[in-house]
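This report describes one protein chain.

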Amino acid sequence: MKIKLSVNGEVIETVIQPGDRLLGTLRDLGFTGVKKGCGEGTCGSCSVLVDGKLALSCVIYSAAMQGRALTTIEGLGNVDDPHAIQIEFVKAGAVQCGFCTPGMVLATKALLDVNPSPTEDDIKRALDGNLCRCTGYVKILEAVTNAATLLRSSRQAEG
């Protein structure tokens, strides 16, 4: 079946099967920042934003995403123009193997969009569904805290 997906602000027409999951569809479309981890919705490596809210693409049917705004890590920033969250993850050393990083960064974006001044407990709750086996989370918590501070400062400077 043909569907139109809005991914990172671009409308893409593609053909899917009725049971296809969003993770596979996005990867087939070249969005390789969406990682396949557990395939059961428990590790967070497949995280994307759906209408600005964090979602696990391995458990969502692609067909249900027609008309929704999808954001993958590729839509947040890139090497030439990284998002502030990505910058802070790198500066804090919270990107060791990089497998969980896209999901962590998108979880951070979803959090900071609704709570620009999160407590450590807020951050832990927001990242709860994202597993990392490299950093031990200390550097990730530092990166999120620093990103929140940086984004608040830039908003104050703009406004």
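## Nonpolar cores

The largest nonpolar core has 26 residues, and those with the most contacts inside it are I85, F89, M104, L112, L127, I140 and V144. A nonpolar core here is a set of buried Ala, Val, Leu, Ile, Met, Phe, Trp, Tyr and Cys residues joined through side-chain atoms within 4.5 Å. Buried means under 20% relative accessible area, exposed over 50%, and partly exposed in between, with a 1.4 Å probe and protein chains only. Two or more residues of this core come from each of helix 2 (84-92), helix 3 (101-114), helix 4 (120-127) and helix 5 (138-158). A second, separate core of 18 residues includes L22, C46, V48 and V50.

The model is predicted: local features need pLDDT of at least 70, and side-chain atom pairs count only at pLDDT 80 or more, while totals for chains, interfaces and linings use all residues. Residues are numbered from 1 along each chain as its sequence is written, and side-chain values use heavy atoms, with hydrogens and water left out.

## Helix 2 and its neighbours

Which residues of helix 2 are buried? They are A84, I85, Q86, E88, F89 and A92. The buried residues of helix 2 pack against helix 3 and helix 5. Not counting residues up to four places away in sequence, I85 touches V105, T108, K109, L112, A147 and L151; a contact is a pair of heavy atoms within 4.5 Å.

An α-helix has 3.6 residues a turn, so residues three or four places apart point the same way. Just after helix 2, G93 takes a positive phi of about 75°.

## Overall fold

The protein chain has 5 helices and 5 strands. Their order from the N terminus is β-β-α-β-β-β-α-α-α-α. The radius of gyration is 16 Å, close to the 15 Å that the globule rule gives for 159 residues, so the protein chain is as compact as a globular protein of that length. That radius is taken over C-alpha atoms, and the rule is 2.2 Å times the number of residues to the power 0.38. Helices (H or I, at least four residues) and strands (E, at least two) are DSSP runs, numbered from the N terminus.

Along its principal axes the C-alpha trace spans about 45 × 35 × 30 Å. Buried residues make up 42% of the 159 residues. Of the contacts between residues at least 6 apart in sequence, 56% join residues at least 24 apart.

## Surface and charge

The protein chain exposes about 8,300 Å², of which carbon and sulfur atoms supply 51%. Accessible areas come from the Shrake-Rupley method with a 1.4 Å probe; for residues, only the protein chains shown count as cover.

The mean positions of the 16 positive and 17 negative charges are 3 Å apart. Lys and Arg count as positive and Asp and Glu as negative, without His or the chain ends. Each charge is placed at NZ of Lys, CZ of Arg, CG of Asp or CD of Glu.

## Loops

Most residues other than glycine have a negative phi. N8, in the loop between strand 1 (2-7) and strand 2 (10-15), has a positive phi near 55°. N8 is partly exposed, with a relative accessible area of 27%. D51 is not a glycine, yet its phi is positive at about 55°. D51 lies between strand 3 (47-50) and strand 4 (53-56) and is partly exposed at 42% relative accessibility.

G136 lies in the loop between helix 4 and helix 5 and is partly exposed at 48% relative accessibility. G136 and R155 are 19 residues apart in sequence and 30 Å apart in space, C-alpha to C-alpha.
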